[in-house]
Amino acid sequence: MPIDRPMTSSLRLLAEHRCFGGRQRFLEHDSREIGLPMRFSVFLPPAADAGAKLPALMYLAGLTCNEETFMVKTGAQRIAAELGIALIAPDTSPRRDAESLPGAKDSWDFGIGAGFYLDATEAPWRRYFRMESYLVDELLPLVAESLPIDQGKVGLFGHSMGGHGALTLALRHPGRFKSLSALAPICAPTQCPWGQKAFAGYLGPDTGQWAEHDAAALMRSQRAAPYPAGILVDQGLADPFLAEQLHPDLLQAACDAVGQPLQLRRHEGYDHGYYFIQSFIQDHLRHHAAVLAA
């Protein structure tokens, strides 16, 4: 479909910018899953002008980020334009009315800006915090319907909490995402303070439910390698959260146990922030492009 096809009635175009020959868009819609307006950003490469449906990558951001963070800080549009891949970056959490929930503004590690990419079952969070259903059942179909994106060729990646989200959503929804990678992901949230606090708040005390959103645990439950073309993970060794929060070694062990190819690259001197992401984002886009083209 042409890139200038009118927005569907449910989508509102907030801003558009020319970028590396393509178009960077920021959009909003009224979400049925969340019950609030939700924002996301999309980069459409120059190839979109031809009207063909394109492969796409959905990027899930980390704590405190929103739909602008990845697009503004990484410069990934340059490589996406070259590869002919669309980029989708949703907000990390519901906002607006959700900001009035008890503790939302005071608890940065599972409040506003930290949806953890799951559907909350506990009050008061369950009213709005349905990020898993929102992304998989609502946003992906919406962008495929409204934009020149091939829903059968979508890859998933993310950073930190978003790396957790990428790994868990890909494992929880077989076949929905064709390629997978992560940067400094929370690999075993049931075994780190960030995950334990978020899961207790969102899911309650039943740790069995927690394990259903733990990438290492989900990987160990696989009967065969879910991504035989391989998963790429980059981790900085100067990351201040590495030892206490991220645990990539547990993901490596889980992948080894089920025969899942994992390229876990450890980088001396790199920390947890977007300078680290900028340094390796090209590798991730090329990893996805190769798998999506197969």
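Which residues of α4 are buried? Select helix α4, residues 161–172, and you will find that Met161, Gly162, Gly163, His164, Gly165, Ala166, Leu167, Thr168, Leu169, Ala170 and Leu171 are buried, where buried means under 20% relative accessible area, exposed over 50% and partly exposed in between, computed with a 1.4 Å probe on protein chains only. The helix is thus mostly covered, with eleven of its twelve residues buried.

Before going further, note that this is a predicted model, in which local features need pLDDT of at least 70 and side-chain atom pairs count only at pLDDT 80 or more, while totals for chains, interfaces and linings use all residues. Residues are numbered from 1 along each chain as its sequence is written, and side-chain values use heavy atoms, with hydrogens and water left out.

**The sheet**

Now colour the strands, which, like the helices, are DSSP runs numbered from the N terminus (H or I over at least four residues for helices, E over at least two for strands). Nine of these strands make up an open sheet with mixed pairing, in the order β1-β2-β3-β5-β4-β6-β7-β8-β9, two strands being paired if DSSP finds at least two bridges between them. At the edges stand β1 (11–19) and β9 (262–267), and because each has a single partner strand, one side of each is left without a neighbour in the sheet. From one strand to the next the twist averages 20 degrees.

Zoom in on β1 and on β2 (residues 22–30), which pair in the antiparallel sense over eight bridges; here His17 stands opposite Gln24 in β2. Show the side chains of Arg23 and Glu16 as well, since they form a salt bridge whose closest N and O atoms are 3.6 Å apart, a salt bridge being a side-chain nitrogen of Lys or Arg within 4 Å of a carboxyl oxygen of Asp or Glu. Arg23 is buried, at a relative accessible area of 14%, whereas Glu16 is partly exposed, at 34%.

**Helices on the sheet**

Select helix α3 (residues 131–146) next, which lies across β1, β2, β3 (37–44), β4 (54–60), β5 (86–90) and β6 (149–159) and runs at about 140 degrees to β6. Helix α4 also packs on the sheet, where it touches β4, β6, β7 (179–183) and β8 (231–236), its direction making about 135 degrees with that of β6. Contact here means heavy atoms within 4.5 Å, and the angles, which run from 0 to 180 degrees, are taken between the N-to-C directions of lines fitted to C-alpha atoms, for helices over the stretch in contact.

Moving to β8, you will find six of its six residues buried, so the strand is largely enclosed by the rest of the structure. In a regular strand the side chains alternate between the two faces of the sheet. In β8 both faces are covered, with Ile231, Val233 and Gln235 on one side and Leu232, Asp234 and Gly236 on the other. Strands β7 and β8 run parallel and are joined by three bridges, with Leu232 as the bridge partner of Ser181. The pairing of β8 with β9 is parallel too, over six bridges, and Gln235 stands opposite Arg266 in β9.

Which residue forms a salt bridge with Asp234? Select Arg265, and the closest N and O atoms of the pair are 2.7 Å apart. This pair links distant parts of the chain, Asp234 in strand β8 and Arg265 in strand β9, 31 residues apart. Asp234 is buried, with a relative accessible area of 0%. Asp283 also forms a salt bridge with Arg265, with closest N and O atoms 2.8 Å apart, and this second pair connects helix α10 to strand β9 across 18 residues.

**The nonpolar core**

Finally, display the largest nonpolar core, which has 96 residues, those with the most contacts inside it being Phe40, Leu87, Phe116, Tyr202 and Leu285; such a core is a set of buried Ala, Val, Leu, Ile, Met, Phe, Trp, Tyr and Cys residues joined through side-chain atoms within 4.5 Å. Helix α10 (residues 274–293) gives the largest share of this core, eight residues. Centre on Leu87, whose contacts, not counting residues up to four places away in sequence, include Phe43, Leu57, Met71, Gln77 and Leu285. Gln77 lies in helix α2 (residues 77–83) and is buried, at a relative accessible area of 4%.
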